[in-house]
Amino acid sequence: MNCCPRNMIEIYLDLCQWWEKSDWTGYKELGVEKSGKNAEGDSWWETWKEVLHQDEWSNLASIERSAEKQAKSGTENAGWYEKWWEKYDAKGWTEKGAHKYGRLNEQSWWEKWGEHYDGRGSVLKWTDKWAETQLGTKWGDKWEEKFYSGIGSRQGETWHVSPPGDRWSRTWGEEHFGNGKVHKYGKSTTGESWDIVVDEETYYEAEPHYGWADVVGDSSQLLSIKPRKRPPGVYPNLEFGPFPPPRDDKPPDFPPL
């Protein structure tokens, strides 16, 4: 892994180290950590990790990727931080998400978002963004959508708070029935409202654009890590009975925000 460009080592980069880990159960880990500081006092740090799990009982493989990054200005009251993660398994279950924060002098902002695919057609997506100033002004926007087999809903809110504490908001929603009909409704604190049913084609992404096959194809370095030998010892042979538990083929309930 080439994590330290040669022409940056003396100018900016203070630390760059990477690692590989594994054990006999099929666990493998690949990671890197970097940090640096320049003459003006600007500093930064980041770490990235990729992990392969192999379930001991079901033999189901999963891959997780995650990263954290942050930076701080040496001359201004400014900085930012973010972390993101991606999780995949061989049955098509996928989760992606991120948290971000930033500050520039008097203004701060935050952002969170997530995506969940259960591998059987159920999808949940959501995002929440907000910001504020030292004078007390605040504003934000959030939404979520849930779908399964063309049936689902979308809802959201945009809001604003002035320094004296006056609040304005507009909420909205959509119910998609899977038959070409969509119920749209909403209202705001200024008195506007709507509640209609329209003929409209429902569009949503039932599968992630980047899934299990993609992450396996891009993880050759992780997969090439040699596993450790199984340590000596006595391991019990557990019996769970001749019949496996019944499987619930209904889509799971969506997790709360």
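Is K181 buried, exposed or partly exposed? I looked it up, and K181 comes out as partly exposed, at 35% relative accessibility. For my own reference, buried means under 20% relative accessible area, exposed means over 50%, and partly exposed is in between (1.4 Å probe, protein chains only).

**Ground rules**

I am working from a predicted model, where local features need pLDDT of at least 70, side-chain atom pairs count only at pLDDT 80 or more, and totals for chains, interfaces and linings use all residues. Residues are numbered from 1 along each chain as its sequence is written, and side-chain values use heavy atoms, with hydrogens and water left out.

**The whole chain**

I began with the overall figures. The chain has two helices and 13 strands; these are DSSP runs numbered from the N terminus, with helices as H or I of at least four residues and strands as E of at least two. Of its 257 residues, 31% count as buried.

**The β12 and β13 hairpin**

Next I went back to the surroundings of K181. Strand β12 (residues 181-188) pairs with β13 in the antiparallel sense over seven bridges; pairing requires that DSSP finds at least two bridges between the strands. The two strands form a hairpin with four residues between them, and G191 in the turn has a positive phi of about 105 degrees. I found V182 opposite V198 in β13. Strand β13 (residues 193-199) is hardly covered: among its seven residues, the count of buried ones is zero.

K181 forms a salt bridge with D199, and the closest N and O atoms are 2.6 Å apart. This pair links distant parts of the chain, with K181 in strand β12 and D199 in strand β13, 18 residues apart. D199 counts as exposed, at 62% relative accessibility.

**Other salt bridges**

The rule I used is a side-chain nitrogen of Lys or Arg within 4 Å of a carboxyl oxygen of Asp or Glu. By this rule I get 12 salt bridges.

One of them joins the side chains of E205 and K125 at 3.0 Å, N to O. E205 lies in the loop between β13 and α1 (212-217) and K125 in strand β8 (residues 123-133), so the pair ties together parts that are 80 residues apart in sequence. E205 is partly exposed at 33% relative accessible area, while K125 is buried at 11%.

I also checked R154 and E174, whose side chains meet at 3.6 Å, N to O. R154 sits in strand β10 (residues 151-161) and E174 in strand β11 (residues 167-176), 20 residues apart. Here R154 counts as buried at 17% relative accessibility, and E174 counts as buried at 14%. A network of salt bridges links K142, E157 and R167.

K96 lies in strand β6 (residues 94-104). Its contacts (heavy atoms within 4.5 Å), leaving aside neighbours within four places in sequence, include W85, W113, E115 and Y210. The side chain of K96 reaches the backbone oxygen of Y210 at 3.2 Å.

How values were computed
A polar contact is a pair of N or O atoms within 3.5 Å; within protein, one must be able to donate a hydrogen and the other to accept it, and residues adjacent in sequence count only if both atoms are side-chain atoms.
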